[in-house]
Amino acid sequence: MSTLLEKPAVVERIERGERLGPLDGRALFDLDLLTLGRLAENMRWRMHPQNRVTFIKDRILNYTNVCITDCQFCAFYRRPRHPESYLVSNDEILDRIQQTVEMGGTQVLIQGGHHPNLKIDYYEELFRAIRARFPITIHALSAPEIDHIAKVSHLSIRETLERLRQAGLASLPGGGAEILVDRVREAISPKKIRANRWFEVHETVHEIGMKSTATMMFGVGETLDERIEHLDRVRALQDRTGGFRAFIPWSFTPYRSALESSDTPGGVDYLRTMAVARLYLDNVSNIDCGWLTEGRKLAQMALRFGANDLGGVLVGEKVIEATGVDFQMTVNHVLSMIRGAGFVPAQRDTTYAVLREYGPDEWE
Ligand code: SF4
């Protein structure tokens, strides 16, 4: 029989530095919030002993909202020929990147829908045009977009990735993961790639010597066991390849999508999931928190629940904006948030290398 003072077994395992299994992961969700946060923060300090939180100056560019995949949770896409559908011209993309470079941005995150007519030559031309003009890192597309481009171009995943890398693609964001369990994927995005394919794309990215990130969008009808299954598979691939630079969990924003619901994750669920991710992913160095989906105040709290990075600051993002969420952020907001949480702010690049640490009185 346990007593009130007895420690849960999962806490003892963490304190002994043991790797957690799926049952441990599930048990973490039952800990009281502050105990869970303390454990995650301790692990964050072990992995990042500097008193520092990083961020990147980047631009999100959504080149098209045309998509034929009809995910139920998506408020962003429009079917081909819909009056609100768009494809941003290459000249417009280059102009936006010019502004990003002038503002000190070091990365452009390019993502869009599954456009039925854009084959690989479109992306090769775009990436080459960007790299010819700007010394900016192209962190672009996602596993489902790579799968789609491969299909419409009649190429293998490896050929697609090799050609895009030759054209200037530097790394692959972890988008399109949602919950990497097929029961959930079949319910919310039946036309999108299954979990095995998502992992196959990332494994191929890593095999050809590139890096990527992994994400999880939770609160779409999955169980807590399924969240752990998602984390477990990310950790297993990371054991094999070491190719994930970061993990980024965020909560589903339901507004204006076919999956609209009032039963959505709250702030406590977000902080719990953040902390569980930090503890379970013992081989992924960086955990980013998402101010874009969670708002500044909750993202700042997440820095005390295991996150060590705040993501990007120069936005022009349309996917989240389509849900009606419109959090804006400047570098000075980021500096203030990080200092307010008790850390030293530092600008990083796509590889998470620190470019500049900000002194206590430095602003932009
Ligand atoms: S989430 Fe992506 S793939 Fe799914 S409908 Fe939206 S744009 Fe298309």
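**Chat about the four-stranded sheet**

Trainee: Which strands make up the open sheet, and in what order?
Mentor: The order is S9-S1-S10-S11, four strands with mixed pairing. Strands here are DSSP runs (E, at least two residues), helices are H or I runs of at least four, and both are numbered from the N terminus. Two strands pair if DSSP finds at least two bridges between them.

Trainee: Which are the edge strands?
Mentor: S9 (309–312) and S11 (354–357), each pairing on one side only. From one strand to the next, the twist averages 25°. Axes are lines fitted to C-alpha atoms, for helices over the stretch in contact, with angles from 0 to 180 degrees between N-to-C directions.

Trainee: Before I go on, is this predicted or experimental?
Mentor: It's a predicted model: local features need pLDDT of at least 70, side-chain atom pairs count only at pLDDT 80 or more, and totals for chains, interfaces and linings use all residues. Residues are numbered from 1 along each chain as its sequence is written.

Trainee: Back to the sheet, how many bridges join S1 to S9?
Mentor: Two, and S1 (residues 52–56) runs parallel to S9. Thr54 stands opposite Asp309 in S9.

Trainee: What does helix H14 lie across?
Mentor: H14 (residues 331–340) lies across S1, S9 and S10 (344–348), at about 135° to S10. Contact means C-beta atoms, placed from the backbone, within 7 Å.

Trainee: New topic: how many helices and strands in the protein?
Mentor: There are 14 helices and 11 strands.

Trainee: And what does the C-alpha trace span?
Mentor: About 65 × 50 × 40 Å along its principal axes.

Note on methods:
Contact = placed C-beta atoms within 7 Å.
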